[in-house]
Amino acid sequence: MAKIIVVTSGKGGVGKSTTAVNLALALAQEGANVGLLDADIYGPSQPTMLGLSGQTPKIQDNAFVPLQAHGLQVMSIGFLTGDDNTPVVWRGPKATGALIQLFGQTAWHDLDYLIVDMPPGTGDIQLTLSQKVPVTGAVIVTTPQDIALLDARKGLKMFEKVGIPILGIVENMSIYVCPNCNHQEHIFGAGGGQKMCDEYQVGFLGSLPLNLSIREQADSGRPTVVADPDGVISGIYKQIARKIAIQVAEMSKDMTSKFPSIVVQNT
């Protein structure tokens, strides 16, 4: 059974979807069979990031056949709602119903990992997912900015309350390096992600720079791990993906919860 890893954020605009697609691609480059589910019902971006805009999945045996891109199996509500300019104007129950349908009626093939690009926030979709889908763990994406960290904390606490393990925190846009003079600037603050990890005793998976190439490559349909597989930034994504894979493997080895407690008493 595939390990389901949700990539989430407390607020939008922190690079969650870009992180999700690059982590999925990094796991695939390590030899895993990986699926990517774009669960951001109201703002699906994976069709654009993977060069799949305008395509529609086939239906076979009453299930959607995921599209293929760069070695990933991909499914998104964006494939079903028309062109990129068509808004999804749905109330919560319809949106959550659509998400569960995508989970249950997509013919994923022999997956090792299913990466789920979640919508930002802590609303109906996140709660429904945690209740109805066997999620292995959550990766939280934030920036070092205090406002982003406030919302990231809410997301972390929500997943803790519903019993989903936190695999760690990724800090996006951690530093800007001027391409002309190499001056380094912490535009959104420094050390916020690590401080949050220390506060909640979760792992710090890594930090990524504020870099123009990350945005350009995702917009072009060839995310960084594909466009520049041997580059420094791709190396960071791959290191984060390996840390996630190791954590998931260690969780699978922990069998303590499967055994009853044994108490020896004198009688």
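Strand E1 (residues 3-8) and strand E7 (residues 113-117) pair in the parallel sense over five bridges. Two strands count as paired if DSSP finds at least two bridges between them. Helices (H or I, at least four residues) and strands (E, at least two) are DSSP runs, numbered from the N terminus. The model is predicted, so local features need pLDDT of at least 70 and side-chain atom pairs count only at pLDDT 80 or more, while totals for chains, interfaces and linings use all residues. Residues are numbered from 1 along each chain as its sequence is written, and side-chain values use heavy atoms, with hydrogens and water left out.

Axes are lines fitted to C-alpha atoms, for helices over the stretch in contact, and angles run from 0 to 180 degrees between N-to-C directions. Helix H6 (residues 192-200) also packs on the sheet, touching E9 and E12. Its direction makes about 160° with that of E9.

The open sheet has eight strands in the order E5-E6-E2-E7-E1-E8-E9-E12, with mixed pairing. Strand E5 (67-69) and strand E12 (204-207) stand at the edges. Each has a single partner strand, so one side of each is left without a neighbour in the sheet. The twist averages 25° from one strand to the next.

E6 pairs with E2 in the parallel sense over five bridges. Val-34 has Leu-72 in E6 as its bridge partner. E5 and E6 pair in the antiparallel sense over three bridges. They form a hairpin with two residues between them, and His-70 in the turn has a positive phi of about 55°. Five of the five residues of E6 are buried, so E6 is largely enclosed by the rest of the structure. Buried means under 20% relative accessible area, exposed over 50%, partly exposed in between (1.4 Å probe, protein chains only). Leu-72, Val-74 and Ser-76 cover one side; Gln-73 and Met-75 lie on the other.

Asn-172 is found in the loop between strand E9 (166-171) and strand E10 (176-177). Asn-172 is buried, with a relative accessible area of 6%. A polar atom of its side chain lies 3.2 Å from the backbone oxygen of Gly-15.

How values were computed. A polar contact is a pair of N or O atoms within 3.5 Å; within protein, one must be able to donate a hydrogen and the other to accept it, and residues adjacent in sequence count only if both atoms are side-chain atoms. Contact means heavy atoms within 4.5 Å.
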